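Work through the exercises below with the sequence and the coordinates open. Each task is followed by a solution in steps.

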Amino acid sequence: MTHAKDILSPRLSHLRKLEAESIHIIREVAAEFARPVMLYSIGKDSQVLVHLARKAFHPAPLPFPLLHIDTTWKFREMYAFRDEYTRAHGLRLLVHKNERAIAEGVNPFDHGSQKYTLLMKTQALLEALTQGGFDAAFGGARRDEEKSRAKERVFSFRDRQGQWDPRNQRPELWSLFNPRLDKGESIRAFPLSNWSEFDVWQYVQQERIPLVPLYFAKERPVVERDGNLIVVDDGRFRLKAGEKPRLRQVRFRTLGCYPLSGAIASAATSVEEILGEMLTGRQSERQGRMIDHDEEGSMETKKREGYF
Amino acid sequence: MSAVTGTLAETLHLRAAKELVRLVIIGSVDDGKSTLIGRLLYETGALYDDQIEQARRATRNGDPIDFSLFTDGLKAEREQGITIDVAYRYFETERRKFILADTPGHAQYTRNMATGASTADAAIILVDARLGVLPQTRRHATIAALLGIRRLAVAVNKMDLVGFDKGVFGAVSRELQEFAGRLGFESVSLFPVSARHGDNVAQASSRTPWHQGGTVLGFLESVEPPLEDAQAPFRFPVQLVLRPHLDYRGLAGQIASGTVAVGDALIVLPSGVRTTVRAIDSFEGPLQRAFAPMSVVLQLADEVDASRGDLLARPAEAPAARTRLLATAVWLAERPLDPQRAYLLKHTTRTVPARIAAVRARLDPETLQEEPAATLRLNEIGRIAVHCARPILGDAYADNRVTGAFILIDALTNETVAAATLLAQGEEEPSAERPRIVRIEAGDENLLQAHEVERFLTAAGRLAAVVRSPEAALACAGAGVFAVYLAAAGDAPIPGALTISAGSRDWRELLAAAEPSAIG
């Protein structure tokens with residue numbers, strides 16, 4: 001926990017300015033929308049987002065629930081962390097799964113990452129937002145993550161089908177966000193738009209924000225596929241002929257479904273060591289995400305369909 | 001990012017307390033803007049190996065790496081080969097984190113430029129050395145100035161294609177210094193650049209020995225971000241009220257300007273209720289003082305009624321509540337400005353219904369000439385008069401970039417149709433004292449009394465007239481004249497009018513209490 005006096009420097013540090021801006025955005029959404037919800041993916045960006053939301057309304061509780069879109073293929077440690085963190089801070093958590101796709105046995109091995117993502121993430125998300133009647137959904141996306149996100153608005157407008165049209169977004173000047181919607185329309189709000197990956201890690205350090213242990217290096221059972229290091233998290237993983245998990249010292253930069261998350265070889269076991277590795281590291285964060293590699297511009301296609 | 005120097009802890013500590021600087025870069029693809037941005041990202045280590053590899057793969061065989069490929073985001077623009085929207089880029093140096101709004105520079109994309117410039121501390125404008133200063137260069141500089149940017153850098157690009165000619169650079173310099181000087185920039189810095197080859201981007205070029213003005217990156221490292229002025233008038237737009245339980249009522253918001261301390265006397269606007277600050281709360285605990293741009297929660301000493309859209313300020317420096325605004329507007333929508341149409345005006349956290357009463361002038365951003373106009377179309381800039389259904393608590397944009405700005409939203413389509421900046425108060429608005437209607441009830445001596453009120457107001461320096469119908473009263477009020485309305489027996493009261501009963505002896509006090517500014 002930082003001390004109150006740290007805030008009172010004559011000029012706020014970039015982290016304090018980003019924090020103040022994000023809190024402003026979170027409060028604007030809470031004030032302007034009837035039924036907001038905060039998407040919670042259990043990753044580091046989500047942890048920062050929830051931390052900022054707790055700050056925004058302190059001493060009052062969060063005026064909206066968290067929503068986890070559960071593909072059932074997350075790491076076991078993520079589920080354990082999710083339940084413990086939300087319980088410890090008294091956060092209201094909704095969990096939504098695409099039950100039909102699960103019943104039909106959709107999985108990342110047989111259906112390919114594109115179809116799997118569309119069904120288990122995009123469709124599940126749209127389903128959850130419709131069922132909950134939510135008119136605003138917070139996400140932890142940052143503009144520096146990927147090229148198509150550089151033009152994303154803070155209030156990203158979605159039509160009745162939950163789709164994103166890059167040509168039909170509202171201009172955003174100053175910090176004056178236009179919240180007006182017609183029935184059935186919604187927005188996605190991105191309070192971390194101006195944060196970089198490095199900012200997120202610095203903030204995690206400054207605020208001592210708890211994270212899933214998967215972000216820190218440890219020996220884990222790994223198979224190598226197409227240059228990606230996949231951690232075999234449970235018995236559902238389908239090993240190919242000749243594949244045998246080996247224990248390797250790895251950590252994750254981004255977390256998702258375990259069969260689709262690439263780990264990196266690393267010795268960093270603390271936030272400080274991770275920051276140190278980043279100062280010399282040369283690979284972008286989404287490099288470990290297999291769903292982006294399918295085709296050039298794939299993220300943009302997913303977003304048009306309603307993916308976060 | 002650069003290599004680790006000193007101990008890791010020291011380096012991380014330094015990097016945790018950077019300055020945040022916001023920039024806007026303006027120019028068309030033809031000026032090599034994407035290449036310059038790609039070069040800046042590359043030189044500051046903001047690009048990763050896999051991103052560089054991706055760009056290298058997409059570059060035609062044999063060509064040097066195409067830096068512009070780092071920044072072209074969307075499929076549609078890749079297909080058309082043009083940048084169609086504002087994109088945000090991030091890079092950092094040892095001391096600073098930069099947020100760069102990358103805005104397309106074609107003439108029709110004024111709205112994107114305005115968007116990028118609205119939050120920027122400094123602007124970079126690109127000029128193609130072969131073409132020199134174009135009308136659109138002047139347009140870019142004008143928009144940057146209108147949106148409150150005071151520091152301008154000009155990258156005269158493609159110097160390699162003019163043989164790094166000193167004369168070419170000098171001609172552009174002279175022309176732009178003259179034009180930008182008229183726009184009120186505090187500083188204009190020019191750089192002879194080849195973004196493709198890296199000259200004077202991050203490293204001083206040996207091919208421009210006649211240039212002593214440093215590099216573009218050097219400018220970005222040294223340009224002074226605006227100090228949050230602790231002496232600026234305190235402005236706190238209330239975002240929402242926090243009420244976790246009956247004993248706690250906190251006003252959440254982001255301080256727009258100035259400083260506040262526990263015990264400070266404040267006024268709640270527009271109600272005018274006075275109060276003091278009982279506590280300043282944050283997640284980390286109570287604070288004694290807070291300043292812009294912190295997001296905090298204020299507890300007030302009294303049970304005063306304040307909610308979203310209200311503004312807290314110090315009584316002695318409170319902004320006037322105004323329903324009639326004069327502003328410079330950039331029109332952002334395909335549908336032209338329409339005085340008959342209903343708009344919503346969003347200013348800080350306050351949204352009120354509004355109409356555009358008149359377009360006073362259209363500005364030619366290339367010549368700075370004003371011309372008469374009946375409307376504004378997409379990407380046009382002009383001065384407009386706006387009438388709001390409820391008062392706005394604003395400052396001139398030149399004094400405050402938060403409380404001096406507003407947007408207009410089409411009430412029917414929900415589109416954001418205009419971005420506007422408030423002009424200095426009272427300027428070209430002679431009726432700024434908010435005309436009012438004084439209704440004198442029917443009675444024996446009411447004609448005498450009406451003329452006494454009229455004389456009193458005239459002596460106080462106000463325009464006033466005695467009228468005999470509600471329509472005439474509203475017309476006078478609308479024209480900026482105090483209407484002293486002589487009511488007939490059985491007349492319905494006019495909403496908002498101050499009623500004085502016939503023969504009343506204390507009307508001066510009533511008038512002073514109801515409208516102190518009218519007679520002050």
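**Exercise 1: the interface of chain A and chain B**

Task: describe the interface of chain A and chain B by its polar contacts, its make-up and its area.

Solution. Start with the polar contacts: between chain A and chain B, 26 residue pairs are in polar contact, both residues at pLDDT 80 or more. The model is a predicted one.

Next, assign the chain A side to elements. Those giving two or more residues to the side of chain A that touches chain B are α1 (4-7), α2 (14-32), α3 (44-57), α7 (197-207), α8 (271-280) and α9 (298-305) of chain A. The most comes from α2(A), with 14 residues. By residue class, this side of chain A divides into 31 nonpolar, 23 polar and 29 charged residues.

Then take the contacts as a whole: 83 residues of chain A are in contact with 94 residues of chain B. The area buried between the two chains is about 7,400 Å², and carbon and sulfur atoms give 57% of that area.

Last, look for salt bridges. The rule finds seven of them across the interface of chain A and chain B. For B:R308 and A:E32, which form a salt bridge, the closest N and O atoms are 2.8 Å apart, and this distance lies within the 4 Å cut-off.

**Exercise 2: the open sheet of chain A**

Task: give the strand order of the six-stranded open sheet in chain A, and explain why β3 and β5 of chain A each have one side without a neighbour in the sheet.

Solution. The order of the strands in chain A is β3-β2-β1-β4-β6-β5, with mixed pairing. β3 (93-96) and β5 (155-158) of chain A stand at the edges and have a single partner strand each, so one side of each is left without a neighbour in the sheet. From one strand to the next, the twist averages 30°.

For one pair in detail, take β1 (residues 36-39) and β4 (residues 136-138) of chain A, which pair in the parallel sense over three bridges. Here A:P36 has A:A136 in β4(A) as its bridge partner.

α3(A) lies across β1, β2 (66-69) and β4 of chain A, and runs at about 145° to β1(A). The helix α3 of chain A is also among the elements that give residues to the side touching chain B.

**Exercise 3: the barrel of chain A**

Task: trace the closed barrel of chain A and find bridge partners in its strand pairs.

Solution. Four strands of chain A close into the barrel in the order β7-β8-β10-β9, with antiparallel pairing. Neighbouring strands are turned by 75° against each other on average, direction ignored.

- β7 (residues 218-225) and β9 (residues 246-251) of chain A pair over five bridges; A:V222 stands opposite A:R246 in β9(A).
- β8 (residues 228-231) and β10 (residues 262-265) of chain A pair over two bridges; A:L229 has A:A263 in β10(A) as its bridge partner.
- β9(A) and β10(A) pair over two bridges; the bridge partner of A:R251 in β10(A) is A:I264.

**Exercise 4: backbone details in loops**

Task: which residues are joined by cis peptide bonds in chain B, and where is A:T72 found?

Solution. One cis peptide bond joins B:L269 and B:P270, with omega about 10°. B:P270 is placed in the loop between β11 (265-269) and β12 (273-282) of chain B.

A cis peptide bond also joins B:A292 and B:P293, with omega about 0°. The loop of B:P293 runs between β14 (289-291) and β15 (295-300) of chain B.

Finally, A:T72 is in the loop between β2 and α4 (76-88) of chain A. A:T72 is not a glycine, yet has a positive phi of about 70°.

Methods: Residues are numbered from 1 along each chain as its sequence is written. Chains are lettered from A and ligands numbered from 1 in the order in which they are written. This is a predicted model: local features need pLDDT of at least 70, side-chain atom pairs count only at pLDDT 80 or more; totals for chains, interfaces and linings use all residues. Side-chain values use heavy atoms; hydrogens and water are left out. Contact means heavy atoms within 4.5 Å. Buried area is the accessible area (1.4 Å probe) that two parts lose on being put together, summed over both. A salt bridge is a side-chain nitrogen of Lys or Arg within 4 Å of a carboxyl oxygen of Asp or Glu. A polar contact is a pair of N or O atoms within 3.5 Å; within protein, one must be able to donate a hydrogen and the other to accept it, and residues adjacent in sequence count only if both atoms are side-chain atoms. Ala, Val, Leu, Ile, Met, Phe, Trp, Tyr, Cys and Pro count as nonpolar, Asp, Glu, Lys and Arg as charged, and the others, Gly among them, as polar. Two strands pair if DSSP finds at least two bridges between them. Axes are lines fitted to C-alpha atoms, for helices over the stretch in contact, and angles run from 0 to 180 degrees between N-to-C directions.
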